[in-house]
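Please keep the sequence and the structure in view while reading the points below.

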Amino acid sequence: MKLSKLREEVLEANLEIVRCGLVLYTFGNASGFDRESGLVAIKPSGVPYAKLTPADMVITDLAGRIVEGSLRPSSDLATHLALYRAFEGIGGVIHTHSRYATAWAQARREIPCFGTTHADYFRGPIPVTEDLRGDEIDSEYELNTGLAIVRRFETLDPREIPGVLVSGHGPFVWGPTPAAAAHTAVVVEELAHMSFVTLAVNPESTAIGNTLRDKHFLRKHGATAYYGQIPDTEPG
């Protein structure tokens, strides 16, 4: 069985978004990308999460050709593949229909960076894509969804903004591993909820300033990050 470790990681990412309440029934999918082999592992389409095993994960190449697996891959495979081809360094992609993030996507509104919790993960608002045209929906819909995301990031860094709201659809997020992408998916839903409550408390709320935003983002993710523990590199 190819990529047994990646299969396990992708299964765990799928189960994590269920455990965290981001998925109803089979609404969502997670995948992982092994850059050394150029192969992707992704959840099969429409299979209940409780029944999934590592062996059920479908292995494809970046062109979407099935390399190993007897089940059909997630219907969103082409979207995942477009992101792996376009965004250097990502190794996991997750799509959900989580309640609050999807509500923002349906409202076609980006999620502002109202506070430092948001800034710990995103160096700016969580963007929303443009609506797909009719011909983009009628032909190669999933691929065109991925391309819409890539277009939205023409002036954005996917390492600093690790997620997006697809207009009228829902959130897609990514990370260096499937586990990291799952973590971000949970965070995005929490930020969407916080932002909804923020506007309910004060409809005139505005984003925090760039200095405070960047301080929080860079102390966790910058070249001189100092949040958390430094790995012990000394013997013993």
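This is a predicted model: local features need pLDDT of at least 70, side-chain atom pairs count only at pLDDT 80 or more; totals for chains, interfaces and linings use all residues.

**Salt bridges and their surroundings**

At a relative accessibility of 44%, Asp131 counts as partly exposed.

*Asp131 and Arg108*

- Asp131 is joined to Arg108 by a salt bridge, in which the closest N and O atoms are 3.0 Å apart.
- Asp131 belongs to the loop between helix H4 (116-119) and helix H5 (134-138), while Arg108 belongs to the loop between helix H3 (99-106) and H4, so this pair ties together parts that are 23 residues apart in sequence.

*Glu160 and Arg123*

- A salt bridge also links the side chains of Glu160 and Arg123, at 2.9 Å from N to O.
- Glu160 is found in the loop between helix H6 (141-152) and strand S6 (163-166), and Arg123 in the loop between H4 and H5, so the two tie together parts that are 37 residues apart in sequence.
- Glu160 is partly exposed at 24% relative accessibility, and Arg123 is partly exposed with a relative accessible area of 25%.

*Other salt bridges*

- The structure holds 13 salt bridges.
- One of them is formed by Arg133 and Asp135, whose closest N and O atoms lie 3.0 Å apart.
- Arg133 is partly exposed, with a relative accessible area of 47%, and Asp135 is partly exposed with a relative accessible area of 45%.

*Strand S1 and its partners*

- Strand S1 comprises residues 28-34, and six of its seven residues are buried.
- S1 runs antiparallel to strand S5 (residues 92-96), and five bridges join the two.
- Within this pairing, Ser31 stands opposite Val93 of S5.
- S1 also pairs with strand S2 (residues 39-42) in the antiparallel sense, over four bridges.
- Here Gly32 has Ala41 in S2 as its bridge partner.
- S1 and S2 form a hairpin with four residues between the strands, in which Gly38 takes a positive phi near 75°.
- In a regular strand, the side chains alternate between the two faces of the sheet.

*The nonpolar core*

- The largest nonpolar core has 52 residues.
- The residues with the most contacts inside this core are Ile17, Ile94, Ile149, Leu165 and Trp174.
- Helix H7 (residues 178-201) contributes the largest share of this core, namely eight residues.
- Beyond its neighbours within four places in sequence, Leu165 is in contact with residues including Ala101, Trp104, Ala105, Ile111, Ile126, Val128 and Pro171.
- Arg109 and Thr129 are also among the contacts of Leu165.

*A nonpolar patch on the surface*

- Leu24, Tyr25 and Phe27 form a nonpolar patch on the surface, and together they have about 400 Å² of accessible area.
- Phe27 lies in the loop between helix H1 (4-19) and S1.
- With a relative accessibility of 42%, Phe27 counts as partly exposed.

Key: Residues are numbered from 1 along each chain as its sequence is written. Side-chain values use heavy atoms; hydrogens and water are left out. Buried means under 20% relative accessible area, exposed over 50%, partly exposed in between (1.4 Å probe, protein chains only). Two strands pair if DSSP finds at least two bridges between them. A salt bridge is a side-chain nitrogen of Lys or Arg within 4 Å of a carboxyl oxygen of Asp or Glu. A nonpolar core is a set of buried Ala, Val, Leu, Ile, Met, Phe, Trp, Tyr and Cys residues joined through side-chain atoms within 4.5 Å. Contact means heavy atoms within 4.5 Å. Patches are made of residues with over 30% relative accessible area and no salt bridge: like charges are joined within 9 Å, nonpolar side chains (Val, Leu, Ile, Met, Phe, Trp, Tyr) within 5 Å. Accessible areas come from the Shrake-Rupley method with a 1.4 Å probe; for residues, only the protein chains shown count as cover.
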